[in-house]
Amino acid sequence: MLENFFASYFDLSGLILCPVLGSIILLFIPNSAIRLIRFIGLCVSLLTFLYSLVLWIKFDPSTAKFQFVESVRWLPYENIHLYMGLDGLSLFFVILTTFLIPICILVGWSGMRSNGKEYIIAFLICEFLMIAVFCMLDLLLFYVFFESVLIPMLCGAEHLIFAGIKLFLCRGLVQKIKAAYQFFLYTLLGSVFMLLAILLILLQTGTTDLQILLTTEFSERRQILLWIAFFASFAVKVPMVPVHIWLPEAHVEAPTAGSVILAGILLKLGTYGFLRFSIPMFPEATLCFTPFIYTLSAIAIIYTSLTTLRQIDLKKIIAYSSVAHMNLVTIGMFSRAAAVRSPIWSYGHTSKAKTCVPGVRPINLLAIGGKT
């Protein structure tokens with residue numbers, strides 16, 4: 001009876017819409033009611049987390065097929081549909097996302113004053129977009145949500161930016177503007193190549209349905225071209241050397257909740273992209289570029305580890321070590337390690353804890369007598 005109840009009232013669209021409905025409710029609450037805003041935001045995020053746990057209970061691990069599949073006609077004349085579903089890989093990322101958002105709200109609880117409503121709405125919209133990224137089975141819509149995550153990340157966590165208006169409501173305005181624009185430009189420019197690759201796939205196959213594309217055979221030359229385009233986007237999100245420059249600045253200048261979401265989820269978008277698209281869709285190109293990935297990742301691990309030893313700011317230490325950790329995960333992915341999800345999962349939890357510690361109070365190791 002309980003299983004029938006879950007099957008009737010809990011589906012994927014409900015999970016995705018939970019944060020959106022919470023954001024709409026918050027729009028009608030005045031900024032002065034900060035306690036009510038915080039309470040509603042936390043309740044909505046916790047409800048979304050519990051909803052994801054229900055989907056986990058309903059999930060059947062004995063099959064490799066996508067589950068909770070839903071399809072909505074969006075652009076039928078272009079054979080593009082709002083196509084969603086979960087498998088074991090995406091379910092893991094969805095639960096990680098819904099688990100971290102309440103933590104982010106709690107981390108910034110005492111700092112919500114003048115822009116508390118914008119803070120909560122930005123994180124709920126960010127949660128909606130990230131869940132949609134992990135659930136999308138249409139390549140073009142995946143790209144749309146993949147890039148849309150940038151918007152609430154720039155607008156949330158105690159700051160508001162619109163076309164050069166005041167960016168951060170705290171100290172070090174110039175450095176924060178620089179860090180935000182680095183974060184935005186690196187990730188956006190890298191993804192332009194992926195958009196061109198998706199359009200090329202659409203012209204060749206006539207569809208962007210992932211399940212169809214996984215059974216489509218591309219020529220070796222075409223695979224190499226498409227793999228490079230996808231790599232340009234996902235490598236920035238991991239990030240891999242030399243496109244990692246944006247991460248230390250973003251970690252240092254972001255508020256604590258922003259650092260938690262950055263280290264806990266955003267850095268996983270690149271690895272998810274590799275696992276979901278690059279490796280299964282372009283297997284021959286993946287084999288061709290595997291030595292290149294090993295070399296680049298090994299250089300990144302050694303370089304960022306040595307750079308970490310020279311830092312005195314704890315947030316920068318976490319940022320540079322994050323690059324080394326994620327490149328170690330990248331080596332595991334391309335070596336086809338069966339347990340590659342385990343280090344991603346563990347890093348998703350340990351990274352949020354590490355970013356919370358210096359977020360309570362900026363820590364300079366020299367000031368407390370520490371040595372690195």
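Let me start with Trp227, which is buried at 1% relative accessibility, where buried means under 20% relative accessible area, exposed over 50% and partly exposed in between, with a 1.4 Å probe and protein chains only. Before I go on, a word on what we are looking at: this is a predicted model, local features need pLDDT of at least 70, side-chain atom pairs count only at pLDDT 80 or more, and totals for chains, interfaces and linings use all residues. Residues are numbered from 1 along each chain as its sequence is written, and side-chain values use heavy atoms, with hydrogens and water left out.

So, which ring does Trp227 pair with? The aromatic rule takes rings of Phe, Tyr and Trp (for Trp, the six-membered ring) and pairs them if their centres lie within 6.5 Å; planes under 30 degrees apart are stacked, over 60 edge-to-face, and the rest tilted. By this rule the count comes to 22 aromatic pairs. Trp227 pairs with Phe334, edge-to-face, at 6.3 Å centre to centre and 75° between the planes. Trp227 sits in helix α10 (residues 220-237) and Phe334 in helix α15 (residues 314-334), so this pair links distant parts of the chain, 107 residues apart. Helices here, by the way, are DSSP runs of H or I with at least four residues, strands are runs of E with at least two, and both are numbered from the N terminus. Phe334 is buried too, with a relative accessible area of 1%.

Phe230 is in helix α10, while Phe282 is in the loop between α13 and α14 (283-309), so the pair ties together parts that are 52 residues apart in sequence. Both Phe230 and Phe282 are buried.

Next, the loop between α10 and α11 (246-253). Pro239 lies there, and a cis peptide bond joins Val238 and Pro239, with omega about -10°. Pro242 is found in that loop as well, and a cis peptide bond joins Val241 and Pro242, with omega about 10°. What about α11 itself: how many of its eight residues are buried? Seven of them are, so α11 is largely enclosed by the rest of the structure.

Now for helix packing. Two packed helices are described by the angle between their axes and the distance between the axes. Axes are lines fitted to C-alpha atoms, for helices over the stretch in contact, and angles run from 0 to 180 degrees between N-to-C directions. Helix α5 (residues 116-135) and helix α12 (residues 256-266) pack at about 5°, with their axes 12 Å apart. They are therefore roughly parallel, a label for angles under 35 degrees, with over 145 roughly antiparallel, 65 to 115 roughly perpendicular and the rest oblique. In that contact (heavy atoms within 4.5 Å), Tyr119, Phe123, Met130 and Phe134 of α5 meet Ala257, Gly258, Ile261 and Ile265 of α12. By class, there are seven nonpolar, one polar and no charged residues; Ala, Val, Leu, Ile, Met, Phe, Trp, Tyr, Cys and Pro count as nonpolar, Asp, Glu, Lys and Arg as charged, and the others, Gly among them, as polar.

On to α12 and helix α13 (residues 268-281): their axes come within 6 Å and cross at roughly 15°. That makes α12 roughly parallel to α13. Here Ala263, Gly264, Ile265 and Leu266 of α12 meet Lys268, Leu269 and Gly270 of α13, and these residues divide into four nonpolar, two polar and one charged.

Phe68, in strand β1 (residues 67-75), has phi near 55°, a positive value in a residue other than glycine. Phe68 is buried, at 17% relative accessibility. Leu53, in helix α3 (residues 34-58), is partly exposed at 25%, and its C-alpha atom is 7.2 Å from that of Ile95, 42 residues away along the chain.

Finally, the overall view. The protein has 16 helices and two strands, and buried residues make up 55% of its 372 residues.
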